[in-house]
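Please look over the sequence and the model below before reading on. The text then goes from the whole chain to single residues.

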Amino acid sequence: MMRMKIIFVLYFTILLPLALAQLKVGFYKTSCPRAESIVKAAVQKRFNTDKSITAALLRMHFHDCFVRGCDASILIDSTNQSRSEKESGPNLTVRGYELIDEAKKALEKVCPSKVSCADIITLATRDSVVLAGGPSYDVPTGRRDGRVSNMNEVNLPGPSLSVSQAFQSFKDKGLTMDDMVTLLGGHTVGVAHCFFFSGRLTNFQGTGKPDPSMDAGLVTTLKGICGNGSNPTAFLDQGTSFSFDNEFYRQIRAKKGVMKIDQELADDRLSSGIVSRFASNANLFRTRFAQAMVKMGNIQVLVGNAGEIRKNCRVINSK
């Protein structure tokens, strides 16, 4: 166990900085000058008809980076020989794959085998955040695509965890408590299927009553949404659902957190101070969100000759 801890520490203190040194803003300036503009155009086209794509891409990016690092392994389809990450429970409701396909197809026409699917996810997520009114930030690029996708490796922090339990997953990826609270602020444009929070509405922890930490008015609203039994979705920010702002933090301070982990951010002493600062300072949240997204996008990246540049984001290249 001690040897494993030493290896883990060495990764984040030595190997991670070396990997980051090979990522840089404008990586495709020479090899594919239009790379970022092509991705942006694809995102703009989708956003014009579907503003929920911001939430979808944020979720995809997070789910990708927390399993094997930001290597686009979440995009790989299953085969007869192996079941990919897409088939794991947490990823069954991930969407936006066709947007990544569209961007990749356009890039392959102009710059074949140059731009990685991992970078497309990262750039597209940034562009969608900007379109929703969020911060604009430079994205270091140069990631390579992974060649492994295994549904059994998907172990993501769930919505019913406590703050300390959820933080362990973030800490394992080299992220801080501030990073976690900041990144969960992406829920300001998010939605969740009713099965993720329905247990808080009627029989919380076997009490026969709603979760007392949820606003009574919100309980009534969510019961109305979820009552038809078809597992619909509800906005995680009941105020400005499609605007990327700090309203999410104001909502959870008013006991209007839809998912348990969201409400606990405001109630737990480990995170409540950060929530309060973001709730009262929109510019601080915007600045920190940009920083945290860049940091998350650097988790266990493949660079140099590692991995590959997939021709089709859904399929590993033939050897």
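Predicted model: local features only at pLDDT ≥ 70, side-chain atom pairs only at ≥ 80, totals over all residues.

Residues are numbered from 1 along each chain as its sequence is written, and side-chain values use heavy atoms, with hydrogens and water left out.

The secondary structure comes to twelve helices and four strands. Along its principal axes, the C-alpha trace spans about 55 × 50 × 45 Å. The radius of gyration of the protein is 20 Å, which agrees with the value near 20 Å that a compact globule of 319 residues would have. This radius is taken over C-alpha atoms, and the globule rule is 2.2 Å times the number of residues to the power 0.38.

How much of the protein is buried? Of the 319 residues, 50% count as buried. Buried stands for under 20% relative accessible area, exposed for over 50%, and partly exposed for what lies in between (1.4 Å probe, protein chains only). The protein exposes about 14,800 Å², of which carbon and sulfur atoms supply 54%. Such areas come from the Shrake-Rupley method with a 1.4 Å probe, and for residues only the protein chains shown count as cover. Among contacts between residues at least 6 apart in sequence, 75% join residues at least 24 apart; a contact means heavy atoms within 4.5 Å.

The next group of residues comes from a record. In an unreviewed UniProt entry, the annotation "binding site" covers Thr188, Asp237, Thr240 and Asp245. They span 58 residues in sequence, yet no two of their C-alpha atoms are more than 9.9 Å apart, so they gather at one spot. UniProt positions are given in the numbering used here, feature names are shortened, and annotations may be inferred rather than shown by experiment.

Is Thr188 buried or exposed? Thr188 has a relative accessible area of 0% and is therefore buried. Its place is in the loop between helix H7 (177-183) and strand S3 (191-193). Thr240 lies in the loop between S4 and helix H9 (247-253) and, at 28% relative accessibility, counts as partly exposed. With neighbours within four places left aside, Thr240 is in contact with Thr188, Asp245 and Glu247.

Strand S4 (residues 233-235) holds Phe235, which is partly exposed with a relative accessible area of 30%. Together with Val191 and Phe242, Phe235 forms a nonpolar patch on the surface, with about 230 Å² of accessible area in total.

Gly142 is found in the loop between strand S2 (140-141) and helix H6 (163-172). At 5% relative accessibility, this glycine counts as buried. Beyond its neighbours within four places in sequence, Gly142 is in contact with Leu23, Phe27, Tyr28, Asp119, Leu302 and Val303.

Charged pairs come last. Side chains of opposite charge can pair when their charged atoms come close. A salt bridge is counted where a side-chain nitrogen of Lys or Arg is within 4 Å of a carboxyl oxygen of Asp or Glu. By this rule the count comes to 20 salt bridges.

Arg147 forms a salt bridge with Glu308, the closest N and O atoms being 2.3 Å apart. Arg147 lies in the loop between S2 and H6 and Glu308 in the segment after helix H12 (282-296), so the pair ties together parts that are 161 residues apart in sequence. Arg147 is partly exposed at 30% relative accessible area, whereas Glu308 is buried at 7%.

Lys45 and Glu102 also meet in a salt bridge (3.5 Å, N to O). This pair links distant parts of the chain, with Lys45 in helix H2 (residues 35-49) and Glu102 in helix H4 (residues 97-110), 57 residues apart. Within H4, Glu108 and Lys104 are four residues apart and thus separated by about one helical turn. Their side chains meet in a salt bridge (2.9 Å, N to O), and both residues are buried. Finally, Arg46, Asp50, Arg95 and Glu98 are linked in a network of salt bridges.

Notes. Helix = DSSP H or I, 4+ residues; strand = E, 2+ residues; numbered from the N terminus. Patch = residues over 30% accessible without salt bridge, like charges linked within 9 Å, V, L, I, M, F, W, Y side chains within 5 Å.
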